Protein chains: 2
Amino acid sequence: MYNFEYKNPVKIIFGKDKISKVSNEIPEGAKVLLTYGGGSIKRTGVYEQVINALDNVSLVEFGGIEANPHYETCMQAVKVVKAEKIDFLLAVGGGSVLDATKFIACAALYENGDPWDFMAKPGEVRVEKALPLGAILTLPATGSEMNGNSVITRVSIQEKKAFGSPLVMPQFSILDPQCVFTLPNKQVANGIVDAFIHVFEQYLTFEVNSPLQDRWAEGILSTLIEEGPKVLADRNDYESAANFMWSATVALNGMIAVGVPQDWATHLIGHELTAYHGIDHARTLAIVLPGMMHIKRDNKKDKILQYGERIWGIATGSDDERIDATIAKTVEFFESVGIPTKLRDYDVPTETITKITDRFEKSGEKIGEKADIDFAEVGAILEHAL
Amino acid sequence: MYNFEYKNPVKIIFGKDKISKVSNEIPEGAKVLLTYGGGSIKRTGVYEQVINALDNVSLVEFGGIEANPHYETCMQAVKVVKAEKIDFLLAVGGGSVLDATKFIACAALYENGDPWDFMAKPGEVRVEKALPLGAILTLPATGSEMNGNSVITRVSIQEKKAFGSPLVMPQFSILDPQCVFTLPNKQVANGIVDAFIHVFEQYLTFEVNSPLQDRWAEGILSTLIEEGPKVLADRNDYESAANFMWSATVALNGMIAVGVPQDWATHLIGHELTAYHGIDHARTLAIVLPGMMHIKRDNKKDKILQYGERIWGIATGSDDERIDATIAKTVEFFESVGIPTKLRDYDVPTETITKITDRFEKSGEKIGEKADIDFAEVGAILEHAL
């Protein structure tokens with residue numbers, strides 16, 4: 001096991017009808033900016049629950065945060081924060097609203113230049129202060145409710161980039177599984193696959209001696225495989241919704257990441273597909289992952305074999321046969337919940353691969369758990385999805 | 001899954017040679033009380049590492065905290081805290097030193113009576129303030145390094161009781177697996193069994209729908225079964241020591257407890273055995289647990305069967321046969337690491353059972369996940385260990 005540090009002070013408030021308690025968590029006298037997305041919270045009734053719960057709180061609203069939230073939108077919110085002298089942010093929505101709110105929280109207090117530098121110059125420019133924020137999660141998927149990570153897209157330059165800081169961890173996150181009841185199939189499927197591949201980025205790496213972390217990662221995968229389809233089959237099944245929701249949270253709250261290598265190359269390549277074609281984040285991961293497993297089958301060999309055996313019961317054949325069968329099972333699972341895995345399913349032309357490899361070639365960036373995936377391997381991984 | 005709240009802000013600093021970094025974690029200018037036990041930290045070199053790391057810190061020492069720490073000893077430390085105007089406590093040791101330090105931290109600031117009331121009147125008297133504390137863990141076992149729980153023994157009245165408060169969670173805990181290298185077999189074995197039964201108290205209950213929490217609990221059990229004997233066989237095996245140490249921490253950091261029932265009757269009965277005979281905490285649990293599984297086989301039936309099948313591969317026979325085989329396997333595991341499970345192994349006379357049942361009869365207290373274990377069942381559970 002590697003040395004590690006772990007600290008996660010996010011207060012999770014989980015369960016039925018918990019949204020009505022949100023005012024207990026807001027600092028007294030705070031002026032609150034309520035951030036949300038395209039308005040689904042108004043259709044589902046969550047907006048009304050929040051407004052009723054906060055009837056004694058001074059509230060300003062900022063709606064319209066899009067999926068894969070835009071830097072440009074966030075900077076509009078920063079203006080509102082400054083003009084209205086906001087001192088607490090309350091994100092109500094899914095991972096995009098949460099990620100945007102994290103960025104707004106630190107961008108609003110950054111005076112030394114363009115806050116895009118948090119993403120563009122991660123070694124150089126660090127978050128040093130941020131407004132406090134809380135969250136009401138309406139969509140299990142990204143795990144953003146229990147970590148300090150955020151991914152923002154700058155539309156003008158077609159770039160999608162991440163930053164992270166403990167200062168933008170939510171003070172609290174309220175998770176009511178009943179929010180799952182109103183989600184369309186597409187968002188449930190995205191959430192299942194997103195959480196699944198979050199686990200993969202922390203689990204499907206070269207071997208270190210970390211049997212507990214392995215088992216916890218496998219526990220999340222098994223639960224997603226078991227409970228995800230139940231949620232798709234019956235949207236009012238509270239227990240399955242709860243198990244799905246909590247699995248997505250712990251998939252990225254850092255617990256399975258301690259002391260082990262991490263990869264994240266699937267995410268980095270996936271972000272490019274979103275930047276060029278606006279494909280849902282989870283779907284880009286489902287496109288990239290099979291190629292990643294195929295091309296990096298040597299780096300990841302022992303762990304792919306372990307995953308194949310423990311999760312899918314694949315225990316016979318040569319190593320390569322087992323790896324191929326394991327990749328096929330993984331693809332089959334994604335397709336079974338309604339997530340296609342080929343570029344053609346999303347009308348992505350072959351030229352996009354060239355654009356992406358060109359960008360990696362130009363920057364010279366190498367990615368993956370061993371920082372050994374160069375532009376040529378990025379190309380090979382994407383070609384696997386043709 | 002039940003509704004739940006979870007917040008655990010303890011900063012874990014895990015790994016080789018991390019003790020030397022402790023001064024980074026102490027608040028600037030703080031006057032620190034260094035608490036420790038019977039002096040083993042001086043033999044193992046940990047004391048010297050800590051003193052060297054803190055050479056610029058104003059330090060007062062309080063050693064001599066015993067196993068199953070005494071209220072009476074803690075109150076001596078409280079006097080030191082007040083006389084020396086201490087503003088930070090640093091516990092260096094195992095669970096007993098940590099538990100004592102948590103009690104000292106809140107007892108020192110309690111002005112409304114006898115701080116024993118935190119244990120004696122848990123509904124009535126609550127911790128409202130506490131000095132900040134940090135920990136350097138030398139003995140994986142109790143999980144005290146990542147929670148707000150503490151168990152204290154009042155020798156004068158032969159009572160051992162628990163209290164808990166988020167205010168006594170350590171600000172940080174440093175875990176260097178190399179500390180395991182110098183532990184005697186007895187303490188390693190105690191730690192394995194202690195952590196194992198912590199998992200049981202949160203896992204081996206009646207069924208709720210919580211497949212993820214089940215799998216995480218089972219992941220800890222499997223890891224303890226696999227890594228524990230390796231630690232016993234080779235005390236310098238860093239990787240096994242690290243896996244054991246982290247398993248003991250997460251066994252009681254609250255992660256596997258969220259949204260599920262808990263039991264703790266094995267602990268409550270075990271505490272009585274320690275109070276009367278000074279038996280090591282973990283050993284009392286190994287004495288009580290088999291009888292608990294036997295007597296509560298109806299309440300816990302589905303979970304015992306699941307545990308037997310997933311952990312020990314017991315999948316054939318009638319339910320009762322499977323339960324008996326599962327209890328036998330559990331006992332065999334405890335005995336294999338050197339922990340006897342019968343009262344006679346500890347020279348406990350039959351009269352002790354009467355003393356304990358008398359105490360439960362007098363208080364009228366009922367314990368366990370369903371609060372249905374009365375004095376008569378306590379007696380039956382202990383008789384199983386004759």
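How many residues does the contact take from chain B, and how many from chain A? In this predicted model, 33 residues come from chain B and 33 residues from chain A.

## The side of chain B that touches chain A

On chain B, the elements that give two or more residues to the side touching chain A are β1 (4-14), α7 (211-233) and α8 (238-250). Sorted by class, the residues on this side of chain B are 14 nonpolar, 10 polar and nine charged.

## Strand pairing between the chains

Strand β1 (residues 4-14) of chain A pairs with β1(B) in the antiparallel sense, over seven bridges. In this pairing, Tyr6(A) lies opposite Ile12(B) of β1(B).

## Helices α9 and α10 of chain A

Helix α9 (residues 265-277) and helix α10 (residues 281-295), both of chain A, have axes that come within 8 Å and cross at roughly 130°. α9(A) and α10(A) are therefore oblique to each other, and their crossing is right-handed.

The residues of α9(A) that meet α10(A) include Ile269(A), Gly270(A) and Leu273(A). Among those on the α10(A) side are Leu285(A), Val288(A) and Met292(A). By class, the contact of α9(A) with α10(A) has eight nonpolar and six polar residues, and no charged residues.

Conventions:
Residues numbered from 1 in each chain as written. Chains lettered and ligands numbered in written order. Predicted model: local features only at pLDDT ≥ 70, side-chain atom pairs only at ≥ 80, totals over all residues. Contact = placed C-beta atoms within 7 Å. Helix = DSSP H or I, 4+ residues; strand = E, 2+ residues; numbered from the N terminus. Nonpolar A, V, L, I, M, F, W, Y, C, P; charged D, E, K, R; others polar. Pairing = 2+ DSSP bridges. Axes fitted to C-alpha atoms, helices over the stretch in contact; angles between N-to-C directions. Parallel < 35°, antiparallel > 145°, perpendicular 65-115°, else oblique. Left-handed = near helix turned anticlockwise from the far one by under 90°.
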